[in-house]
Amino acid sequence: MIAVITFSFHIISIIAGHNLQTYFDIPIGADFVAFYTGGSFYNQGILEKAYVLAPEMYFPEQFKFQRELIADDYLGHSPFINPPYAALIYAPFAMLDYIPAYITWTILNILLVILSVKLIRSELPVFQRISLPKVFFACFLFYPTVACFLYGQATPIILTLYCLCYVSLRRRQDFKAGFYLGLLAFKPQLAIAVALVLLLKWRINALLGGALSLSASLAIGFIFMPNEMVAYMDLSPKLLDFLRSPAYPTQGIDSFFGFSVFLFENISPQLTDISTYILTAITIILLVKLWWKSPWLEDTPKWDLSMAVTFCWGLLISPHLFYYDLMLLLLPGAIMIQYIPRLYAQDDKILLWTTMLWAISYLGSQISDAQANLLSYLELPEIALQLSTPIIFYWGYAIYKTINKTKAL
């Protein structure tokens with residue numbers, strides 16, 4: 001029902017809008033504008049200009065292009081801040097006019113979600129009892145999936161690579177798994193947790209596969225677009241400042257970094273950094289403890305649930321984790337559903353935490369917005385608690401506790 005209402009409301013806003021903007025002056029496809037920009041700049045041979053950052057924390061060349069593309073009165077800005085080689089993904093779409101490109105992009109993302117569902121059904125028997133279309137549409141009961149399509153995001157690509165990596169590891173095809181993980185070179189921060197586990201367990205073939213695909217991505221960048229790579233490397237240290245700038249919607253970032261910025265930035269940026277480092281370090285320590293003496297795939301249920309925790313917490317480590325990226329929780333969520341009878345037998349609150357995660361993934365940014373607006377109205381320092389991050393973390397921790405309760409599930 002939420003998905004139907006949301007999509008219907010979105011379609012009405014497009015019909016009531018003008019040019020390439022919805023009724024709310026948001027571009028059709030929202031963040032797809034950034035991908036289309038990157039692809040267009042690459043096709044024009046001017047990708048290097050995309051990474052020129054103005055002191056006011058915006059990208060003048062991109063802003064000019066997007067105003068000419070969307071409308072003269074367009075005041076928004078959706079920057080392309082992916083590595084240069086990521087533009088190769090979007091360049092074919094940018095050869096089309098904007099609306100056909102967006103429609104084609106949406107179709108691709110739908111197909112990728114279907115592929116992800118097929119991969120998970122092939123491994124987890126509980127989903128084989130349900131038809132593929134039903135499992136596919138069930139993905140849209142989770143609001144971040146809806147948001148991902150409304151924003152025209154690339155999260156389905158990441159979800160597919162996650163599923164390919166997980167399924168390959170489960171089938172002991174380590175090299176393939178590592179290769180798929182390395183393809184996250186366009187968003188490498190989302191591979192950190194899984195890569196850490198592979199390193200800790202010394203899955204050498206997986207590490208070699210990851211090194212190959214990562215090296216290939218970097219080689220493509222440095223060989224075919226060296227100036228762009230240099231420009232991006234100069235820009236990269238400034239991207240965290242971009243994410244914490246007042247104009248950025250930090251309330252929608254659900255990572256440890258976003259949580260810390262929302263809570264501490266108006267007190268002290270140093271506190272923000274310290275909080276991020278502490279939360280990340282605690283999570284990594286817990287992951288190391290989880291995997292340190294755990295045999296690889298000897299106890300499949302325990303291994304599965306450990307991977308679910310790894311994927312879940314790995315998202316929180318990534319600095320930029322907007323609420324549509326929480327769609328990636330579909331993978332650890334599916335693993336949890338496979339073992340829900342055993343988990344519930346050990347912790348009857350697991351369903352409560354799962355329900356809270358589902359709800360906060362829908363309402364989290366609105367709650368954060370409300371806090372910020374109220375504090376601003378009262379002329380108080382905007383020291384607000386972003387609830388999504390701790391609830392997502394504790395959902396993973398609830399699974400973590402059940403893994404450690406018994407030696408074998």
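A: Start at tryptophan 313. Leaving aside neighbours within four places in sequence, tryptophan 313 is in contact with Thr283, Leu286, Leu287, Phe393, Gly396, Tyr397 and Tyr400. Contact means heavy atoms within 4.5 Å.

This is a predicted model: local features need pLDDT of at least 70, side-chain atom pairs count only at pLDDT 80 or more, and totals for chains, interfaces and linings use all residues. Residues are numbered from 1 along each chain as its sequence is written, and side-chain values use heavy atoms, with hydrogens and water left out.

Now the core. The largest nonpolar core has 124 residues, and Trp313 is among those that touch the most other members, along with Phe32, Tyr162, Tyr166 and Leu331. Such a core is a set of buried Ala, Val, Leu, Ile, Met, Phe, Trp, Tyr and Cys residues joined through side-chain atoms within 4.5 Å. Buried means under 20% relative accessible area, exposed over 50%, and partly exposed in between, with a 1.4 Å probe and protein chains only. In soluble globular proteins, nonpolar side chains tend to be buried together.

Phe32 also belongs to a ring cluster. Ring pairs link Phe32 with Phe35, Tyr36, Tyr51, Phe80, Tyr90, Phe93, Tyr98, Tyr102, Trp105 and Tyr232. Rings of Phe, Tyr and Trp (its six-membered ring) pair if their centres lie within 6.5 Å; planes under 30 degrees apart count as stacked, over 60 as edge-to-face and the rest as tilted.

Across the whole structure, the search finds 35 aromatic pairs. In one of them, tyrosine 323 and tyrosine 324 have ring centres 6.4 Å apart and planes at 55 degrees, so the pair is tilted. Tyrosine 323 counts as buried at 13% relative accessibility. Tyrosine 324 is buried too, at 4%.

Next, threonine 280. Threonine 280 is found in helix H16, residues 269–291. Helices are DSSP runs (H or I, at least four residues), as strands are (E, at least two), numbered from the N terminus. The relative accessible area of threonine 280 is 17%, so this residue is buried. Not counting residues up to four places away in sequence, threonine 280 touches Phe256 and Ile317. From threonine 280 to leucine 321 is 41 residues in sequence and 14 Å in space, C-alpha to C-alpha.

Last, glutamine 338. Helix H18 (residues 330–338) holds glutamine 338. At 18% relative accessible area, glutamine 338 is buried. Residues up to four places away aside, glutamine 338 touches Leu124, Pro125 and Val126. Glutamate 123 lies 215 residues from glutamine 338 in sequence, but 10.0 Å away in space, C-alpha to C-alpha.
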